[in-house]
Amino acid sequence: MLFYPGFYVYAVWDSWFYAREGADKTKTAIPFVIAGFLGEIAALLAPKIPYPTLTIGVLMIVPMFIGMYVFRDQ
């Protein structure tokens, strides 16, 4: 289970990055790395979180959407 959040975030970043031309690889990856770490930590704490699937998904999706919005002009 610990493999999936990081892989999911990487797959979303990879598809978003290569859909754009000229995006900076190091800066655009920061929000996605944060989302991956939040997903990993939340997966470890899943038994203590109410509605773990929804909560972990939101914890990962929100930083990704923020990163896509902030770097939309690149």
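Which exposed residues sit on the face of α1 turned away from its buried side? In this predicted model, they are F3, Y4, Y18 and A19, where exposed means over 50% relative accessible area, buried under 20%, and partly exposed in between (1.4 Å probe, protein chains only). Residues are numbered from 1 along each chain as its sequence is written, and side-chain values use heavy atoms, with hydrogens and water left out. Because the model is predicted, local features need pLDDT of at least 70 and side-chain atom pairs count only at pLDDT 80 or more, while totals for chains, interfaces and linings use all residues.

The protein has three helices and zero strands, and its pattern along the sequence is α-α-α. Helices (H or I, at least four residues) and strands (E, at least two) are DSSP runs, numbered from the N terminus. Along the principal axes, the C-alpha atoms fill a box of roughly 40 × 20 × 15 Å. Of the 74 residues, 31% count as buried. Among the contacts with a separation of 6 or more, 63% join residues 24 or more positions apart; contact here means heavy atoms within 4.5 Å.

Helix α1 spans residues 3–19. Its 17 residues reach 24 Å from the first C-alpha to the last, close to the 24 Å expected at 1.5 Å a residue, the expected span being 1.5 Å times one less than the number of residues. The buried residues of α1 are P5, V9, V12, W13, W16 and F17. They cover an arc of only 130° around the axis, which puts them on the same side of α1; the arc is that of the directions from the helix axis to the C-beta atoms. An α-helix has 3.6 residues a turn, so residues three or four places apart point the same way. The cover over the buried residues of α1 includes α2 (25–44) and α3.

Buried residues in α3 are I56, M60, P63, M64 and G67. Seen down the axis of α3, these buried residues fall within an arc of 95°, so they line one face of the helix. The face turned away from that buried side carries the exposed residues L54, F65, Y69 and V70. What covers the buried residues of α3 includes α1 and α2.

Individual residues show how the helices meet. M64, in helix α3, counts as buried because its relative accessibility is 3%. Leaving aside neighbours within four places in sequence, M64 is in contact with Y8, V9, V12, F32 and A35. M64 and W13 are 51 residues apart in sequence, yet their C-alpha atoms are 8.1 Å apart in space. V12, in helix α1, is also buried, with a relative accessible area of 16%. Not counting residues up to four places away in sequence, V12 touches F32, M64 and M68. The C-alpha atoms of V12 and M64 are 8.3 Å apart, across 52 residues of sequence.

The C-alpha atoms of I30 and G67 are separated by 7.9 Å, although the two residues are 37 apart along the chain. In the loop between α2 and α3 lies Y51, which has a positive phi of about 50° although it is not a glycine. At 68% relative accessibility, Y51 counts as exposed.

Finally, the surface was examined for pockets. On a 1 Å grid over the protein atoms alone, a pocket is an open set of points where a 1.4 Å probe fits, with protein on both sides within 12 Å along at least five of seven lines; lining residues have an atom within 4 Å of a point. About 150 Å³ of space lies in the largest pocket, a volume being the space filled by probe spheres set on the points, which are joined across faces, edges and corners. Its lining consists of M1, Y4, P5, Y8, A43, P52, T53, I56, G57 and M60. Both α1 and α3 (52–70) supply at least two lining residues each, and the largest share, five residues, comes from α3. By class, the lining has eight nonpolar, two polar and no charged residues. In this count Ala, Val, Leu, Ile, Met, Phe, Trp, Tyr, Cys and Pro are nonpolar, Asp, Glu, Lys and Arg are charged, and the others, Gly among them, are polar.
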